[in-house]
Amino acid sequence: MAETEKDGSPEGIRDESVSGASERLDHRLLGPVIFGLAILTSLTHLYFNTISTLSELWTSALHFGLFGLICTLTTPMFRARTTAGQKFVLGMDVVLGLLALACAFYLIVFETALYQRGVNFNTTDWLVSITAVILVLEFARRTVGWFIPVLCMVALTYVAWWGQYVDGIFNFPGLSWETVLFRSYIGGQGMLGSIARISWTYVFMFILFGAFLVKSGAGDFIIELARCAAGRFVGGPGFVAVFSSGLMGSVSGSSVANTVSTGVITIPLMRKAGFPARFAAGVEAAASTGGQLMPPVMGAGAFIMASYTQVSYLTIIGVAALPALLYFLSVAMFVRIEAKRSHAVKLEDDQAPRLAEVLKDGWHFLLPLVVLVAALIYGFTPTYAAGIAILSVIVASWLSKHPMGFRDILDALAMGTRNIMTTAILLITVGLIVMVVSTTGIGNTFSLMITDWAGGSLLVTIILVALASLILGTGLPVTAAYIVLATLSAPAIYQLIAQSQLLEMIMAGNLPEQAKAVFMLAAPDKMDLLNAPMDRAIAMELLAVVPDTFSSQLLDQALSPATLSMALVAAHMIIFWLSQDSNVTPPVCLTAFAAAAIAGTPQMRTGFTAWKLAKGLYIVPLLFAYSPLITGDITEMLRVFCFALFGVYAIIAGLEGYLEHPLHPVVRLVMFPIGALMLWPHGQVMLDAAGLVIFVLVFIRSSRHGRGIVTAPAKA
């Protein structure tokens, strides 16, 4: 099951549990208990991320125990229809939650004793480890459905049992159940490993920061600022949806949260302006999907990517900014074209707020973002920067008409815990899959298999990963799909991107002397060819003679560590972007379904509309692979961005058959090669400029034939 949402949570809870969860949150006695526990959990995690000296393993265990208890209290095991049944379910849930907390404390108290026994399990170790694994699978079932628990059970049994019966490259001799359980829970490699650490550090702190912003009133300010900035353009409400979703996504990191928070305002505005209802819902869904691409939160993706690549978080969000902007502008292009085609109107003067008034009332909401960025640039860790930013939200609110009081702070603390609950359970559970992949080496095997299927083609590899992400997206939330795909396929994409950069160096005759030494060992008779430029075919033949055993050494000698690091970031960014497609791609596209519910449109048809509007999810990753959009210097990045912007606009015009006016069929067909020319990584600025000139001429001609702006509001 893909992402859903509850109380603004990034991944949400299952639909059948929503009613029971709501009843418990509103319960006269249980509600305050959950509220107090949520506050305690937030305060505990603030302690973990500031002054705590507990080991990461113990902290991860407490993270699991606390969120396990919150999960059982807020998300019933199943819905009971009778009062007696509800009491029984609640009793069982309380027991299971306390068991999760007990498992955490057992690890803290008895970890040393286990190592003193030479990591030989006694009966209690067996019971606690089995209980912890079963509990986390049950918590995952409650929050994101059956797919992840089943996948984890298949993975764990593969390591301990049936892997030895598999023939071929996936054969695994197997480990004992004692070893599997140790690595799954106590050893800190599975559910309490690096993915759990990301959950209780970066993800928790930034989602808590977002909760404080929302509670302080920043959400309303963002929407008003968007209306002010974009509302007076033709089709302005559509631009408001794009702009507000981008701003809201920068702090929430949740596509469904964006949809339900901004869509209730923007979708009716778009319909009132004259946009078709289904298009309005599709715009909101596509724009909200971009929330997970927009720094600084990126739906936990930035933190996981930083952990995987060992590239700083600040660098990750820095290179992610231009691609995210390109995506939002691509959705805005669809809005512009549909506004012209539907004769959508501007907001009336009394509907669109004044910039001076909006900034006067809400300028202080920008201060926490400035503080956050400044703290990161100064050198604070992301968790400390987030902590400082949280304090700045409280201080900044005192400059407003509605300063945050003690109750507001408590509400924000509780909201932060509830918002991350499902994400925390999800990341802890996915740690089991990551443990299996690293233990068995199946990740490298899968990468080699993808490379073999693709025949060494980077494009085919990306297409295969895109198909895999779409399939995984039908059962996994976006964050989990990214983790699984990155673990399995990132090495293959990274290797191909790095090899393509190496190929460019060989073609230019710029191979460093230390890299030539590798050729001296592998192919001494080819050394003379390396001293001069050559065409691609010869360079590929030359590279092919280097044995696989020397390929990694050749890359290390030819490319700088910074270049290799950014190639790895590009590989992960490709996978992360492709993982978002389940938000807007039928049959499982819950972001589009949420927008359809607000607009009152057919869910599946709305999903296809959102999928069309989110074409940037497939175009931009190609730029990661073939252009210096994120791997080059600032000049190269801006050049690629600018030409790609118009290239995407040309392709969208070709898809829609419309620009400022209906396009002649011949002109419509011409738009595709013109767009491809500006997107293609040929490295010739003059060709890009020629494509841009042709597009501008077509745009001017289309504008002259435009039908003008309709000033009277169209009927919804």
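**Entry 1: helix 12**

I began with burial in helix 12, and the buried residues there are Ala 277, Phe 279, Ala 280, Ala 281, Gly 282, Val 283, Glu 284, Ala 285, Ala 286, Ala 287, Ser 288 and Thr 289. A reminder to myself: this is a predicted model. Twelve of the 13 residues of helix 12 are buried, so I noted the helix as largely enclosed by the rest of the structure.

I then checked the span of helix 12, which runs over residues 277-289. From its first C-alpha to its last the helix reaches 18 Å, close to the 18 Å expected at 1.5 Å a residue.

**Entry 2: salt bridges**

How many salt bridges does a search of the whole structure find? I got 15. I wrote up three of them below.

**Asp 93 and Arg 142.** The closest N and O atoms of this salt bridge are 2.8 Å apart. The pair links distant parts of the chain, with Asp 93 in helix 4 (residues 83-116) and Arg 142 in helix 5 (residues 123-144), 49 residues apart. Buried or exposed, I asked of Asp 93 and Arg 142? Both Asp 93 and Arg 142 are buried.

**Lys 215 and Asp 411.** Here the closest N and O atoms of the salt bridge are 3.5 Å apart. This pair also links distant parts of the chain: Lys 215 sits in helix 8 (residues 194-216) and Asp 411 in helix 18 (residues 406-440), 196 residues apart. Lys 215 is partly exposed, at a relative accessible area of 31%. Asp 411 has a relative accessible area of 16%, so I put it down as buried, the cut-off being under 20%.

**Glu 660 and Arg 336.** Their side chains meet in a salt bridge at 2.7 Å, N to O. Which elements hold the two partners? Glu 660 is in the loop between helix 29 (634-656) and helix 30 (665-679), while Arg 336 is in helix 14 (residues 313-342). The two are 324 residues apart, and I noted the pair as a link between distant parts of the chain. Glu 660 is buried, with a relative accessible area of 6%. Arg 336 comes out at 23%, which means partly exposed.

**Entry 3: a network**

To finish, I followed shared partners. Salt bridges that share partners join Asp 93, Glu 138, Arg 141 and Arg 142 into one network.

Conventions:
Residues are numbered from 1 along each chain as its sequence is written. This is a predicted model: local features need pLDDT of at least 70, side-chain atom pairs count only at pLDDT 80 or more; totals for chains, interfaces and linings use all residues. Side-chain values use heavy atoms; hydrogens and water are left out. Helices (H or I, at least four residues) and strands (E, at least two) are DSSP runs, numbered from the N terminus. The expected span of a helix is 1.5 Å times one less than its number of residues. Buried means under 20% relative accessible area, exposed over 50%, partly exposed in between (1.4 Å probe, protein chains only). A salt bridge is a side-chain nitrogen of Lys or Arg within 4 Å of a carboxyl oxygen of Asp or Glu.
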